[in-house]
Amino acid sequence: MSAVMEAAPTVVRTEPGRPWRAVTDLALFEARRLLTRIPVLFAFLVYIGWIVWRTRHSFDGFPALQDADRATQGGPLLVGLAVLLSANQAVLRAKRRDTERHFAVLVVQPWRRTAAHVLSVVLVAAVVALCVAGQFTWEALKSGAVGRGSVGELLVGPLTVLLAGTAGVLLARLVASVVASPLLIVSLLLLFLFSTTSTGEEDGTRWLYPVVSENGSSALPSDLLGRPAAWHALYLLALALTIGLLAVLCGGGRRIRTVQGAFVAMLAVTVLGASAQMTGVPAATTAARERDSATPEKEQTCVERDGSTYCAFPEWTPRAGTWAQAVDRVRSLAGGTAHDQKLLVRQRIEARYGLNSESTLAPSTTPHQVTVGTDWGGNRVPEFSVAVAGVLVAGDEKKATDGLCDGRMVTIMWLGLADRPDPIGDLARVRLDDSVSGSALVISPTDPLYMTNGQTSVVRQLLDQPRRTVAARVSSHWAQLTAPKVTTAEVASLLGVKAPKEADKCL
């Protein structure tokens with residue numbers, strides 16, 4: 001009798017959860033490869049260099065953080081394009097190297113490998129988030145920083161990279177060609193190039209783009225922005241997840257009900273976020289913009305320093321000391337009663353036309369009131385100093401800017417610039433054409449002033465002389481120097497410099 005012994009079949013047991021552990025391991029492996037790809041490394045090198053180069057001198061050292069958060073959104077676009085290209089090539093790597101058939105013997109199914117590629121982009125987005133946090137923190141730590149930033153605005157950069165990366169994975173599952181992603185990148189660049197024109201706040205479709213830039217001439221209080229930052233961040237996150245889940249569905253996960261359900265849910269959230277962000281500026285924000293523009297005194301906090309009063313919107317109150325220093329420098333050079341004149345420095349804005357507005361402020365007719373804007377540092381300081389000098393000489397902003405074309409302009413310009421570290425340089429900075437000769441418009445927080453060629457010549461002579469010497473003459477002849485209709489030649493004679501040959505001439 002013979003017995004046939006048959007070998008028992010080998011049973012391969014898979015530990016519960018091991019496929020997802022494999023997905024996690026593969027995602028980490030692909031993330032490391034993604035971060036070391038030459039396009040991504042180059043993009044990060046340029047991006048970090050841009051952060052350092054820009055942030056050192058951004059906002060002239062006096063950032064409004066509600067603007068600084070939006071300034072973090074442009075740089076990650078370059079990283080996003082590099083990640084799109086590299087993620088697409090990573091998914092197609094197996095096809096290019098003819099190793100796709102070897103994956104059939106592994107426990108990780110094709111749709112799980114696609115999920116791993118989608119997850120690998122998350123780590124790159126996290127690195128971008130660290131860069132964004134570093135850039136914003138740098139701005140916030142500057143001594144002149146005011147206002148507050150928005151988490152929703154800060155998330156735009158990392159979410160844009162996440163969106164681009166998932167788009168690269170999806171493209172690889174739809175079109176198995178290495179030239180598809182470069183063509184998509186070119187198309188996106190052209191799309192952004194021809195969509196940079198601002199369409200105004202009433203056009204809600206602009207929020208369908210990843211980055212929505214709004215750069216007006218001056219910062220506004222954070223409660224007047226009216227930007228749906230939180231909804232936009234939710235929209236970008238949901239859109240990125242929707243695209244990533246669609247890539248998983250196209251990568252072999254069509255029959256996985258969990259993936260199907262998640263895709264439908266994320267698609268619904270995307271539609272919700274897109275709809276919510278396109279509703280326009282809230283009525284309450286519009287009313288607040290009107291109120292703060294027309295009657296700022298009702299919303300401001302005032303402090304007193306050295307006899308003068310400084311009124312600002314709550315976020316800008318810390319700058320009162322800096323404004324006071326500029327006022328004291330100008331007032332110390334004035335003569336007569338102007339030397340001790342108490343001023344009211346009031347912050348004014350024009351927010352009724354939105355964040356892209358370039359509207360100028362009308363000069364105030366209130367005696368001894370000086371307008372200060374929301375921006376500071378750089379050219380804004382000598383511009384404000386000249387405005388202070390104009391009020392000390394003429395009595396109010398309207399008189400200083402409306403047709404003042406006599407010799408008083410010389411006194412105003414010398415008072416505003418003489419105590420500055422670089423008077424001649426500041427003379428060029430406050431003039432519209434950046435010149436130090438000839439006639440030119442002089443920029444101020446409200447309407448511009450006007451200097452003739454002769455007045456420019458006299459001012460330059462005075463700025464080249466010792467400040468104390470000229471200050472003594474200004475104090476001695478203050479009444480004559482500030483009298484209406486005094487000619488530039490008479491001012492030059494009183495101050496001991498060469499008089500111009502031409503007569504004063506208004507615009």
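The tour goes from the sheet to the helices beside it, then to a helix pair and a few single residues.

This is a predicted model, in which local features need pLDDT of at least 70 and side-chain atom pairs count only at pLDDT 80 or more, while totals for chains, interfaces and linings use all residues. Residues are numbered from 1 along each chain as its sequence is written, and side-chain values use heavy atoms, with hydrogens and water left out.

**The sheet**

Begin with the open sheet of 4 strands, whose order is 1-2-3-4 and whose pairing is mixed; strands (E, at least two residues) and helices (H or I, at least four residues) are DSSP runs numbered from the N terminus, and two strands pair if DSSP finds at least two bridges between them. Strand 1 and strand 4 stand at the edges with a single partner strand each, so one side of each has no neighbour in the sheet. From one strand to the next the twist averages 20°, where axes are lines fitted to C-alpha atoms, for helices over the stretch in contact, and angles run from 0 to 180 degrees between N-to-C directions.

Select strand 1 (301–305) together with strand 2 (residues 308–312): these two run antiparallel and are joined by 5 bridges, one of which pairs V303 with Y310. In the loop between them, pick D306, which has a positive phi of about 50° although it is not a glycine. D306 is exposed, with a relative accessible area of 57% (buried means under 20%, exposed over 50%, and partly exposed in between, with a 1.4 Å probe and protein chains only).

Strand 4 (residues 369–372) pairs with strand 3 in the parallel sense over 4 bridges, and here V345 is partnered by V370 and Q347 by V372. Are the faces of strand 4 covered or uncovered? Both are covered, with Q369 and T371 on one side and V370 and V372 on the other, all buried.

**Helices on the sheet**

Now show helix 12 again, which lies across strand 1, strand 2, strand 3 and strand 4 and runs at about 145° to strand 2. Helix 13 (residues 380–394) also packs on the sheet, touching strand 3 and strand 4, and its direction makes about 165° with that of strand 4.

**A helix pair**

Move to helix 15 (residues 408–417) and helix 17 (residues 453–464), which pack at an angle of about 35° with their axes 9 Å apart. On the helix 15 side, M409, V410, M413, W414 and L417 meet Q455, V458, V459, L462 and L463 of helix 17, contact meaning heavy atoms within 4.5 Å.

**Two last residues**

Select A489 in helix 20 (residues 488–495), which is partly exposed at a relative accessible area of 33%. Leaving aside neighbours within four places in sequence, A489 is in contact with A499 and P500; A489 and A499 are 10 residues apart in sequence and 4.8 Å apart in space, C-alpha to C-alpha.

Finish at D60, in the loop between helix 2 (38–55) and helix 3 (65–68), where phi is near 55°, a positive value in a residue other than glycine. D60 is partly exposed, with a relative accessible area of 43%.
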